[in-house]
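Colleague: Hey, I'm new to this one. Can you walk me through it?

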Amino acid sequence: MMTDDAAGREADVVIVGSGAAGLMAAVEAADAGASVIVLESEPQTGGSTRLSGAYVALCETPLEPGTREELYEDLIHSHHDDCQEDLSRLYVDEALATFRRLDELGIRFVRTFRFAHMSKPWAHELSGDEMGGGAEIVTKLEVAARTRGVRIETGVRASRLTAEHGRVTGVLARRSGWELAWRARRGVVIASGGFTRSPELTRNFGRPGAENILPLTGQGSRGDGLVMGMGLGAGIAYVTAGVAPTAPSDPETGKGAMVLYAGAIAVNREGRRFCRESELYIDTCWALLAQPGAVCAQVYDSRMRAHYGQTMMGKVLTGFREFEAPTVAVLADKLAAEGFDAAGVVAAVERWNAQVATGRDEDFGRTNLVGEAGELLPIAEGPFHAVICKAGTTHFNGGLTVDTTMSVRNVFGEVIPGLYAAGEVTGGFHGAGYMSGTFVGMALIFGRVGGISAARPGPVLVA
Ligand SMILES: Cc1cc2nc3c(=O)[nH]c(=O)nc-3n(C[C@H](O)[C@H](O)[C@H](O)COP(=O)(O)OP(=O)(O)OC[C@H]3O[C@@H](n4cnc5c(N)ncnc54)[C@H](O)[C@@H]3O)c2cc1C
């Protein structure tokens, strides 16, 4: 192993990862007066955030004035009353300040949506005019960070934390084949995202078969930060509960597809519907995993296809293999060649259209396109389409244990001095559940807190 400890790799704050959490932490730490270096393992910044639609659940904003108490209730409910509640409290308390901060940085939401488990349309959406929502967030945060003098180094993969007398003092990271030491005078923030691309961690923490879930995430989602923290005795929270599929995905291209929220129905190989498609995609994916071959087809018409293309999901979850036919019968024949029962598919579409006409889904009680929004549509306007899907994932819950300053706590519950974490690498906020828009939300909100905490000069005293 080659080593090189030359100067130039020292700052007040060293941040591992350049997704929403890392870049937000960098901006805040720089504004708090700290010098900051961000290390990014991949050639491009942005991680999973860049690939995401970036719906962000927020409250008390000009777009969604619902209160923090209401959002808190929804969060706890969607976390199945089983999570680290002080983090949900922190989330709602910091939501408006984060909205304002993003606005200052030129990141402006234009509308809101109500997904499943939301009593109000908490999910804020960016325009998507020039690029996907997540790409806009990381592009603008990166500009803001660089403008503040933050050094962002790509192609540098952190592997271990360094510590002196119990305090974290930096990281070891590999750049161009060299193992280098990076020193942090005030603190290290781990913002390295999740572990969806680590078959080993997924196998160890997930239930049997979990390693078959297709990751749609950034290439850097290997759980490096989780392992680095554990290597220094960090506690972990809700990791097993958090290994779940979250997005129907085309196994051929590895691309996510969510036409269900534009009106498509999901049928299994026998041509039978098996879930309420408007539900949270996690529930749809669990139901999908229980189907023969763990495979389904989303079946839709040209009107639904056009509508999907207009949505943020349709803009980021794209590029999958689509089947097209002038009639449902011909489409079903094409699906038959892929192992689906053609007569079953035709019957499912006919039954669906009949139920839409009466306004009652007798089978699964679907009342809307997504959550409680959007009127049901028949599959009626040709050409007709389908995409074959397995269960994929956009993130896992669970990770390093943190407190409300984003200080990492060790397995005994004590602060590890000098070590902070934010974003998908942390656990506890979601517990065993999930509400749409709270992963990018968590990365932004807790990234801000982590950056401010790490920038504080001198040892941080926590009661
Ligand atoms: C297709 C898709 C759609 C999604 N849609 C939404 C949505 O609409 N709303 C929502 O709330 N969530 C959504 N999510 C989930 C959400 O995007 C992520 O959970 C969130 O963006 C994670 O942010 P992060 O900053 O913690 O991690 P990331 O954005 O993944 O950033 C972590 C960075 O750390 C880097 N890194 C990793 N290891 C190292 C290392 N050893 N050294 C240096 N760098 C390292 C990675 O390469 C990466 O760039 C979606 C995800 C996907 C994939």
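Colleague: How many residues of domain 1 are in contact with domain 2?

Modeller: 24 residues of domain 1 are in contact with 20 residues of domain 2. Keep in mind that this is a predicted model.

Colleague: Which residues belong to which domain?

Modeller: The domain assignment puts 3-241 and 394-455 in domain 1, and 247-393 in domain 2.

Colleague: And how many Å apart are the C-alpha centres of the two domains?

Modeller: Those centres lie 33 Å apart.

Colleague: OK, zooming out. What are the spans of the C-alpha trace along its principal axes?

Modeller: They are about 70 × 50 × 40 Å. The chain has 13 helices and 22 strands. Its radius of gyration is 23 Å, close to the 23 Å from the globule rule for 463 residues, so the chain is as compact as a globular protein of that length.

Colleague: How much of the chain is buried?

Modeller: Buried residues make up 56% of the 463 residues. As for contacts with a separation of 6 or more, 77% of them are between residues 24 or more positions apart.

Colleague: Let's talk about the core. How many residues are in the largest nonpolar core?

Modeller: That core has 152 residues, and the ones with the most contacts inside it are Val 13, Ala 26, Val 36, Val 188 and Val 189. Helix H13, residues 438-455, gives the most to the core, with 10 residues. Domain 1 and domain 2 both give residues to this core, so it lies between them.

Colleague: Pick Val 36. What is Val 36 in contact with, leaving aside neighbours within four places in sequence?

Modeller: Among its contacts are Ala 11, Asp 12, Val 13 and Ile 15. Val 36 also touches Ala 26, Ala 29, Ala 30 and Val 150.

Colleague: Switching topic to the ligand. Which residues are closest to the ligand?

Modeller: The closest are Gly 17, Gly 19, Gly 47, Gly 220 and Gly 423, out of 44 residues that surround the ligand.

Colleague: Which element gives the most to that shell?

Modeller: H13 does, with 5 residues. Helix H1 (20-31), strand S3 (36-40), helix H2 (47-51), strand S8 (156-164) and H13 each supply at least two residues of the shell.

Colleague: Which residues sit on each side of S16?

Modeller: Cys 296, Gln 298 and Tyr 300 are on one side, with Ala 297, Val 299 and Asp 301 on the other. In a regular strand, side chains alternate between the two faces of the sheet.

Colleague: What does S16 pair with?

Modeller: Strand S15, residues 265-267, pairs with S16 in the antiparallel sense over 3 bridges. In that pairing, Ile 265 has Val 299 as its bridge partner. Strand S18, residues 384-393, is antiparallel to S16 as well, joined by 6 bridges. There, the bridge partner of Ala 297 is Ile 388.

Colleague: Last one: what is the strand order in the open sheet of 3 strands?

Modeller: The order is S4-S6-S5, with antiparallel pairing. Strand S4 (56-57) and strand S5 (109-113) are the edge strands, each pairing on one side only. S5 is joined to strand S6, residues 123-126, by 4 bridges, and Arg 111 has Glu 125 in S6 as its bridge partner.

Key: Residues are numbered from 1 along each chain as its sequence is written. This is a predicted model: local features need pLDDT of at least 70, side-chain atom pairs count only at pLDDT 80 or more; totals for chains, interfaces and linings use all residues. The radius of gyration is taken over C-alpha atoms; the globule rule is 2.2 Å times the number of residues to the power 0.38. A residue is buried if 20 or more other C-beta atoms lie within 10 Å of its own, exposed if 12 or fewer, and partly exposed in between; C-beta atoms are placed from the backbone. Two residues are in contact if their C-beta atoms, placed from the backbone, lie within 7 Å. Two strands pair if DSSP finds at least two bridges between them. A nonpolar core is a set of buried Ala, Val, Leu, Ile, Met, Phe, Trp, Tyr and Cys residues joined through C-beta atoms within 7 Å. Domain bounds come from an automatic or database domain assignment. A residue is near a molecule or strand if its C-beta atom, placed from the backbone, lies within 6 Å of it.
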